[in-house]
Structures are given as C-alpha cells and as structure tokens.
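Here is a short report on one structure. Take a look at the model first, then read on.

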Amino acid sequence: MPNATSLQKIKVHFLGAAKTVTGSKFLIETPTFNILIDCGMFQGLKELRELNWEPLPFDVSTIDLVLVTHGHLDHTGYLPRLVKQGFKGQVLGTSPTLEIAAIILNDSARIHEEDAERANKEGFTKHHPALPFYTEKEAQKTITQFKAIEPEKWIELHDKIYCRWMPVGHIIGATYIELKINETIFVFSGDVGRPHDLLLRAPKKPEWADFLFLESTYGDRLHQEEDTDQKLIDLIKELVYTRGTLIIPSFAVERLQTLMYILWKLHLKNRIPNIPVYVDSPMGNNVLSVFERFPEWHKISPKEYKAICNHIHIVTSYKETWEVIDKPIPKIVIAGSGMVTGGRVLTYLKQLIDNPTTRILLVGYQAEGTRGRQLQEGVHEVKIYGKYYPVKAQVHQIQSLSAHGDQKDLIDWVSAIKNIPEKVFLVHGEASASDAFRVKLQHHFHWNIEIPKLHQITEMYIAD
C-alpha cells in the first residue's frame with residue numbers, strides 16, 4: 001500500500017446530472033490540472049432551468065480543458081456560458097460530436113434570441129427585458145475553441161494524465177470517456193446506447209474502472225417490446241381515413257434519422273400508404289449532412305442515405321412550414337424538438353393540437369417539466385408562448401425507439417469490467433430511477449454505489 005506522502009488528492013465536483021437527467025457537468029480537480037467532463041444545460045423543471053443562469057461555483061478560468069462525450073444540449077449546451085465566464089481552454093471530442101455540438105449550439109442560440117425577442121414583443125415575461133441565454137455570436141466564439149480527437153486512442157492531456165474516447169452508440173459520434181490520472185482510471189459513461197440500434201453500431205464496453213460515473217436514465221425500467229412498424233402502420237392508415245396530421249416531435253440527432261429510415265423502409269415494402277412525410281427541423285437537416293460525412297460511424301450506406309433523402313420532403317423555410325400546416329391532406333410531420341420544449345414543432349402544435357384528427361407521437365424520453373412529459377401524462381391543455389391551447393389531439397408513444405440503453409442494457413454494458421470499482425456514482429437519472437438502479441446493481445455486483453447530490457464535492461486519494 002502506498003504511504004500517505006505518495007497519495008494525490010482528487011476532487012470531483014458534481015455540477016449537473018445529479019439526481020436529474022440534464023445538465024451533465026463533472027469537474028475533476030487535481031493539484032495541477034482541472035478537467036470538466038461535459039458541459040450541459042439543465043432542461044425541464046423551472047427550478048432546474050433557473051440553475052442555468054447561475055455562475056458555476058468554481059473559478060471557471062482555472063478549468064484547463066473540457067472533454068465532451070457527445071453533442072446533445074444537456075451535455076454541451078452550457079459551453080457558451082462557460083466561455084462567457086472566462087473559460088479559455090479547448091473543448092475536445094470526436095469529429096462528429098463537435099460538428100453536432102456546433103449545429104446544436106448555433107440552433108439553440110438562434111432559438112434563445114427569437115424567444116427573448118418574442119417575449120419582449122408580446123409581454124409574456126417577468127424579466128425586463130428578457131435576455132437570450134446566449135447569442136449566436138457567443139456560440140460562434142465557443143466553437144472556435146473546439147478541437148477534434150481520434151477515437152479509441154490514448155492521448156496525453158497533461159503530465160501523467162491521459163484520456164481515451166470510446167464509441168458508445170446513442171447518437172453519431174457519441175463516446176464514453178476513460179480518464180487515466182497516474183494509473184487510476186475514471187470512466188464517464190456519457191449516454192449509453194443500445195446494442196441493436198437501427199443506425200448505430202453496438203457500444204464498446206469498458207474493461208477497467210477504478211471510479212465509474214454511470215448514467216441511469218432508464219435505470220428503473222426495461223424498454224417495452226413493441227412492434228414499432230405496426231404501430232406506425234396503424235397510425236398512418238388512420239390518418240388516411242381521418243385526413244389528419246401525424247406530428248412527431250423528434251430529437252434532431254439520431255432519432256430523426258431513425259424515423260426517416262423506418263418510414264422509408266415501410267414505404268419500400270408497400271406497408272404504408274404513399275402520403276407525404278415532411279421533416280421540419282433546420283438542425284435535423286444539418287445533422288443529416290454529418291451522417292453523410294462520417295459513414296464509418298453508422299450503418300446506412302451512401303445509396304440508402306440518398307434514397308431516404310429523396311423520399312422525404314425537407315422543409316427549408318418558415319414560409320414552407322405554414323404551407324405544410326395549411327395542406328388539407330393526410331401528412332406526417334417530423335419536427336424538433338423531441339421534448340416539445342421549443343423549435344418548429346411548437347408552430348404545428350399551436351395550429352393543430354386542438355384538432356381531434358391530429359395525432360401526436362412521442363418517440364423519446366420526456367424529462368420532468370417539459371411539454372412532452374405533460375402530453376405523455378394526459379394534460380388537457382398546454383402552454384405555448386404564454387398562451388394555453390386545449391389538447392384535443394390523440395397522444396401516442398413509442399418507447400422502443402429510445403437511444404438510451406435500459407436497465408438490462410446498462411447492466412450488460414458494465415459486465416465487461418474486470419475489476420471491482422472503488423466507487424460507482426450513478427448520475428444522469430431522476431432520483432427514483434437512480435435508486436432503483438442502485439439496488440439492481442448492488443444485487444448483481446455488490447459494488448460500492450453512491451447517488452451524488454447537485455454541487456456535491458467528493459474527495460478521493462489515488463496513488464501518485
């Protein structure tokens with residue numbers, strides 16, 4: 001055993017995704033170097049969203065590097081605020097992750113600015129004036145600090161500090177991160193994908209973890225076994241009969257491309273009527289180009305990619321959005337955002353949610369406090385831009401398209417770890433999900449497991 005003088009103190013600051021699904025931020029403080037793993041926005045409940053406006057409880061200028069697992073907003077959306085607070089270092093991630101992050105930050109900044117302008121113009125704000133969370137100019141400045149790394153190779157970050165990004169499914173470019181400080185390995189799962197994803201290859205699995213930071217989004221449940229194709233077929237046939245609209249709020253990354261792929265396949269097999277499918281997500285359109293540029297990260301061939309894009313109508317302007325809404329024909333609309341928190345889907349819902357012929361299909365995780373969660377739970381009205389709209393549309397859900405591994409998938413993902421981790425931290429999950437997962441993991445592995453609290457600081461000592 002090393003003596004006290006040969007130990008190095010490490011502090012881990014849980015700055016997000018602690019007893020909640022969003023806002024992933026984990027600060028690793030060493031005596032000589034500080035690393036932030038992910039830099040996400042809080043989403044959902046108002047008390048969580050308000051945390052975004054508070055400065056981090058740490059001198060941001062002393063953070064040397066940010067390492068990102070993947071490009072989703074709840075893992076990268078706080079980056080412009082970090083830069084505004086004084087972060088001057090580089091943001092490292094895989095090439096597709098950083099391209100996705102750039103698309104998401106630019107789109108998010110545009111929405112922040114538009115929402116602030118609308119709030120000020122229409123007066124549904126308590127703030128005078130309402131300010132955007134960050135601007136497009138601030139997003140652009142942040143993107144200049146991005147640096148792409150090659151996955152699956154150890155790189156040196158600092159003296160005796162190494163890092164490796166390993167593919168983990170979930171979305172294009174997504175990874176888990178292995179951080180080696182001296183000889184101690186910290187594993188940050190990011191968001192773990194599913195082993196049989198339609199578009200992405202199965203996640204790689206960690207083989208060693210002294211300290212494991214494990215997501216628990218679906219730690220308390222198994223994804224329902226459901227016939228996704230048949231559910232879509234039934235909904236679409238019903239649309240033809242009622243001459244209604246199927247609105248699918250979708251995450252722009254991976255989920256949108258999966259839906260496009262499924263609908264194209266059903267069309268090829270003549271299993272659905274030939275009705276128009278519109279994709280209305282500026283961000284989603286840009287993400288499609290990332291799939292085209294990084295074929296090694298997914299399973300779609302260039303020929304299939306071209307055929308899918310030719311089959312789907314890509315909406316390219318807000319004027320065209322209104323044209324689609326006004327078309328008195330059965331139609332399918334896939335629009336951002338996946339949790340119905342913003343984006344083009346709100347325009348469709350404002351006009352069509354009070355129509356009994358409208359169908360809304362939820363196809364992903366709906367965080368607490370989002371409109372998506374409200375619709376999932378059967379509310380009779382929703383608030384959009386300060387006004388309430390009655391929900392007369394039928395709301396349906398497909399859970400099997402989730403990009404997150406469920407409890408079984410997560411247990412399988414950690415099953416390749418050869419050692420007994422010194423500590424496992426369950427993060428990125430609502431409190432009930434994390435606790436159920438803790439019980440299950442302890443039953444399987446008898447590990448030392450903790451569910452950290454927000455802003456908790458944990459000290460640990462490793463061999464120097």
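## A cavity among helices

Eight names come up here: Gln-257, Met-260, Leu-288, Phe-291, Ile-300, Tyr-305, Ile-308 and Cys-309 line the second largest cavity. A cavity is a set of points on a 1 Å grid over the protein atoms alone, where a 1.4 Å probe fits but cannot get out; lining residues have an atom within 4 Å of a point. The volume of this second largest cavity is about 60 Å³. Volume here is the space filled by probe spheres set on the points, with grid points joined across faces, edges and corners.

Helix H7 (255–268), helix H8 (282–293) and helix H9 (302–311) each give at least two lining residues. H9 gives the most, with three. Helices (H or I, at least four residues) and strands (E, at least two) are DSSP runs, numbered from the N terminus. The lining of the second largest cavity has seven nonpolar residues, one polar and no charged. Ala, Val, Leu, Ile, Met, Phe, Trp, Tyr, Cys and Pro count as nonpolar, Asp, Glu, Lys and Arg as charged, and the others, Gly among them, as polar.

## About the model

The model is predicted: local features need pLDDT of at least 70, side-chain atom pairs count only at pLDDT 80 or more, and totals for chains, interfaces and linings use all residues. Residues are numbered from 1 along each chain as its sequence is written, and side-chain values use heavy atoms, leaving out hydrogens and water.

## The largest cavity

There are three cavities of 30 Å³ or more. The largest holds about 70 Å³ of space. It is lined by 13 residues, and Ser-24, Phe-26, Asp-38, Gly-190 and Val-427 are the closest to its centre. Its lining divides into five nonpolar, six polar and two charged residues.

## The sheet

Seven strands form an open sheet with mixed pairing, in the order S7-S8-S9-S10-S11-S20-S21. Strands pair if DSSP finds at least two bridges between them. Strand S7 (155–158) and strand S21 (449–450) are at the edges with a single partner strand each, so one side of each has no neighbour in the sheet.

Strand S20 (residues 423–427) and S21 run parallel, joined by two bridges. Phe-425 has Glu-450 in S21 as its bridge partner. Helix H14 (residues 431–445) packs on the sheet and touches S11, S20 and S21. Contact means heavy atoms within 4.5 Å. The direction of H14 makes about 150 degrees with that of S20. Axes are lines fitted to C-alpha atoms, for helices over the stretch in contact, and angles run from 0 to 180 degrees between N-to-C directions.

Technical notes
1 Å grid on protein atoms, 1.4 Å probe; cavity = no way out; pocket = protein on both sides within 12 Å on 5 of 7 lines; lining within 4 Å.
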